[in-house]
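Subject: Structure handover

Hi,

Here is the structure I promised to pass on. Please open it first, then read the notes below.

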Amino acid sequence: MSTLWEASFDTPLRVVGLGKGLEDLRDLGITIGQVISKIKEENRYPILFLLTSKGHVLLPSGMSEKVIVTQDKKEIPLAKLAVGERAAIVNFRGGRQLRESLTILGLVIGEEIQLKTLLPVMRYLCLVDDKRHIALLSGLATKIWGRPASGRESCQLPLSPMGEPFQVEKLLGSKRAHMNLGTIGIRPQTLLRLKGIEPLPPLCMGEECAIIIETAMGLRLCLDKNQAEHIWVE
C-alpha cells in the first residue's frame, strides 16, 4: 500500500483509503474499491490517430498497448511509437473480442500503420434516434462502428460527417464497453447524429494540478500534491 503521490504511473491502482476533506472526490465516484490510474505527462493525449491502408482509425491507448508491432527488428506495443513513425503489426495480446474489433478497424497482422498524431480526450455531442441528446467521451465514441447515410464506407462515430445520420452496425471493444453503451441506448441499428465536438480538460479538484488520475469510466481529474498524499492505493 502507498499514497497516490508515491504510486506508479499508468498501472491499475485500487483505492483503499481516503483522507478527510476529500468528500468531493466521493461525489465523483472515487470511493473505496474504485480502480484508477495515474497519468504520465506524455500520456495525457490518450487517443492514437492512425493511418492504415483502409484509411484513418482512432485507437484508445488501452487497446494500442495490446497491438504488437515490429520496428528495427524489435517487437514493441503500438502505443510506444512516436508520432510520424511507421511499423507493421505482428501480434496481438488479447482474446477473440479484441481481435474481432481490431480486424473491423483494419488492424490485422501484416498491416503497416503510421501514427499520425495523438489526440486528447474529447466530448462528442450526439443526437440518438432524433429524440435525445447525449455526450460521449472519446473512449466510448471510438468503439461505435457504423455507416453514414451518405453512402460512405463504414467508420467510427468520431470520423463520421457532422450532422449526418449514422447507423450503428457494431459495438467494438470489451463487454464492459458494450454494457456502458447499452445503458445509454446505443446498440446495433441505433441512429446517431454527431452534433458537436468539445475538448475535455481534466476537472481540477486541487489548488494546482500536480497529477492527473483517470477512472475506469474515463473521467480525468487534476489533484494537487496534498490531495494525492491523502489517497491510499494498492
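First, some terms. Buried means under 20% relative accessible area, exposed means over 50%, and partly exposed lies in between (1.4 Å probe, protein chains only). Helices (H or I, at least four residues) and strands (E, at least two) are DSSP runs, numbered from the N terminus.

Now the model itself. It is predicted: local features need pLDDT of at least 70, side-chain atom pairs count only at pLDDT 80 or more, and totals for chains, interfaces and linings use all residues. Residues are numbered from 1 along each chain as its sequence is written, and side-chain values use heavy atoms, with hydrogens and water left out.

**Helix α5**

Start with α5, residues 175–183. Which of its residues are buried? They are A177, N180 and L181. An α-helix has 3.6 residues a turn, so residues three or four places apart point the same way. Turned away from the buried side is a face with the exposed residues K175, M179 and T183. The buried residues pack against β11 (132–137), α4 (138–141), β12 (144–148) and β14 (165–171). After α5 comes G185, with a positive phi near 85°.

**The cores**

A nonpolar core is a set of buried Ala, Val, Leu, Ile, Met, Phe, Trp, Tyr and Cys residues joined through side-chain atoms within 4.5 Å. The largest one has 21 residues. L50, L59, L78 and L107 have the most contacts inside it. Elements giving two or more residues include β4 (47–52), β5 (55–60) and α3 (96–104). The largest share, 3 residues, comes from β8.

Take L50. Contact means heavy atoms within 4.5 Å. Beyond its neighbours within four places in sequence, L50 is in contact with residues including G55, V57, L59, L78, L107 and I113.

A second, separate core has 17 residues, among them Y124, C126, V128 and L157.

**Two single residues**

Q156 sits in strand β13 (residues 155–156). Is Q156 buried or exposed? Q156 is buried, at 1% relative accessible area. Its side chain reaches the backbone oxygen of L58 at 2.7 Å. Leaving out residues up to four places away in sequence, Q156 also touches W145 and F166, among others.

V35 belongs to strand β3 (residues 35–39). V35 counts as partly exposed because its relative accessibility is 30%. V35 and E214 are 179 residues apart in sequence, yet 8.9 Å apart in space, C-alpha to C-alpha.

Best wishes

Methods: Polar contact = N/O pair within 3.5 Å; in protein donor to acceptor, adjacent residues only side chain to side chain.
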